[in-house]
Amino acid sequence: MNTNLHQHLHTIPSPCFVLEEAKLRRNLTLIDSVQKAAGVTIILALKGFSMYSAFPLVREYLSGATASSLNEIKLVNEYMGVKAHTYIPAYRDDEFAEIIERSSHITFNSWSQWERFGNQAIDKVSCGIRVNPQYSEVATDMYNPCVPGSRLGATRDQLPDQLPEGLEGIHFHTLCENDSFTLERTLQALESRFGDLLHQVKWVNFGGGHLMTREGYDTSHLIGLLSAFRQKYNVDVILEPGSAIAWQTGVLVSTVLDVLDSQGIDVAILDTSFAAHMPDTLEMPYKPRIINSYHEPVSGKPTYRLGGMTCLAGDFMGDYSFDKPLTAGDVIVFDDMIHYTMVKTTTFNGVNLPSIGIWKEDDTFQLIRTYGYESFKDRLS
């Protein structure tokens with residue numbers, strides 16, 4: 001965390017997501033270097049990072065974004081100033097005309113969706129089909145689009161040997177925060193099943209999950225894979241990462257509200273919620289890192305089970321140790337909370353959403369938005 005930001009934590013409203021602008025630019029610079037070296041197009045996946053106040057910075061490096069709903073499409077149009085690359089598992093009749101108008105590319109999830117909507121889209125947008133290469137190294141079934149019975153993408157037996165006129169692209173997405181060597185093995189599976197069709201299209205969308213901004217990621221290997229694939233099939237290659245854009249670019253600032261003893265276990269209740277504000281930590285699941293804490297209990301040090309402020313019994317996270325005992329008013333900072341966290345927040349139990357702010361490159365804090373009763377009420381009726 002930026003030293004100046006750390007010194008000013010008590011001046012930031014709590015709870016609050018804080019994006020560090022300099023770290024976002026760092027990631028975008030690396031990603032831009034990859035797309036230029038490989039001769040590919042990399043766009044932002046809104047499902048991982050939809051903080052539209054940061055889109056002007058994103059647009060300095062990336063030419064567009066991918067959306068998976070009409071609302072995300074509108075956000076791309078309004079705040080990135082471009083038409084969206086659109087993939088929705090199933091299109092609605094009452095939305096499709098507007099989706100076409102607002103999109104540059106549309107991917108159909110199944111052959112039946114192509115047969116139903118394809119004629120409306122041909123000559124208006126570039127159309128593609130999502131395929132399932134039936135290979136994924138994602139360990140958590142909830143995030144694995146290749147599990148038996150997956151609804152995401154067509155398997156090879158569901159597609160013809162000759163793609164029809166107007167179907168210009170193939171899309172696959174089977175990675176989740178993986179490295180380039182996982183991608184290499186995935187491409188082998190893709191080519192073994194769909195190689196004949198790859199020669200028939202104009203573009204191939206590699207989806208997301210390419211965590212190229214993680215420390216130790218071999219970007220040179222990635223560049224080699226992308227360049228070789230593009231040249232082999234004479235296609236435009238598109239990548240649409242979400243996590244990689246906002247990886248380790250910001251924090252969730254929270255505050256201890258109470259400390260209590262629960263049958264011999266010290267518990268600290270925070271003004272945030274794992275269930276409402278960090279549901280990905282319970283879904284994946286993973287234990288978020290807390291700055292200036294020990295990720296696992298340390299014998300002899302003050303240790304606490306951290307709980308959220310909802311009344312859900314399971315709204316807690318396993319134990320952390322600290323150098324000093326926690327008291328009400330202490331600031332707790334969860335690291336790497338900008339991607340796949342803000343986009344999943346809810347107002348369950350009427351808990352206010354965290355505020356959103358940016359720690360600017362000139363070391364000043366800009367509060368972007370706060371939330372209250374109206375945000376809770378607007379989701380209900």
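Me: What should I know about the numbering and the model before I start?
Reply: Residues are numbered from 1 along each chain as its sequence is written, and side-chain values use heavy atoms, with hydrogens and water left out. The model is predicted, and local features need pLDDT of at least 70, side-chain atom pairs count only at pLDDT 80 or more, while totals for chains, interfaces and linings use all residues.

Me: Which domains does the protein have, and how far apart are their C-alpha centres?
Reply: Domain bounds come from an automatic or database domain assignment. Here the assignment gives domain 1 (5-17 + 250-337 + 345-378) and domain 2 (39-245). Their C-alpha centres lie 34 Å apart.

Me: How much area do domain 1 and domain 2 bury between them?
Reply: Buried area is the accessible area (1.4 Å probe) that two parts lose on being put together, summed over both. For domain 1 and domain 2 the value is about 570 Å², with 67% of it on carbon and sulfur atoms. On the domain 1 side, Glu283, Met284 and Ile358 supply 70% of the area buried against domain 2, more than any other three residues.

Me: How many salt bridges does the rule find across that interface?
Reply: Side chains of opposite charge can pair when their charged atoms come close. The rule asks for a side-chain nitrogen of Lys or Arg within 4 Å of a carboxyl oxygen of Asp or Glu. Across the interface of domain 1 and domain 2 it finds zero, whereas a search of the whole structure finds 21. One of them joins Lys360 and Glu21, with the closest N and O atoms 3.1 Å apart. Lys360 is in the loop between β16 (355-359) and β17 (365-369), and Glu21 is in helix α2 (residues 21-38), 339 residues apart. Such helices (H or I, at least four residues) and strands (E, at least two) are DSSP runs, numbered from the N terminus.

Me: At what angle do α7 and α8 pack?
Reply: Axes are lines fitted to C-alpha atoms, for helices over the stretch in contact, and angles run from 0 to 180 degrees between N-to-C directions. Helix α7 (residues 180-198) and helix α8 (residues 219-233) pack at about 10°, with axes 11 Å apart. The two are therefore roughly parallel, a label for angles under 35 degrees.

Me: Where is Pro285, and which residue does a cis peptide bond join to it?
Reply: Pro285 lies in the loop between α11 (279-283) and β13 (303-307). The cis bond joins it to Met284, with omega about -20°.

How values were computed. Angles under 35 degrees count as roughly parallel, over 145 as roughly antiparallel, 65 to 115 as roughly perpendicular and the rest as oblique.
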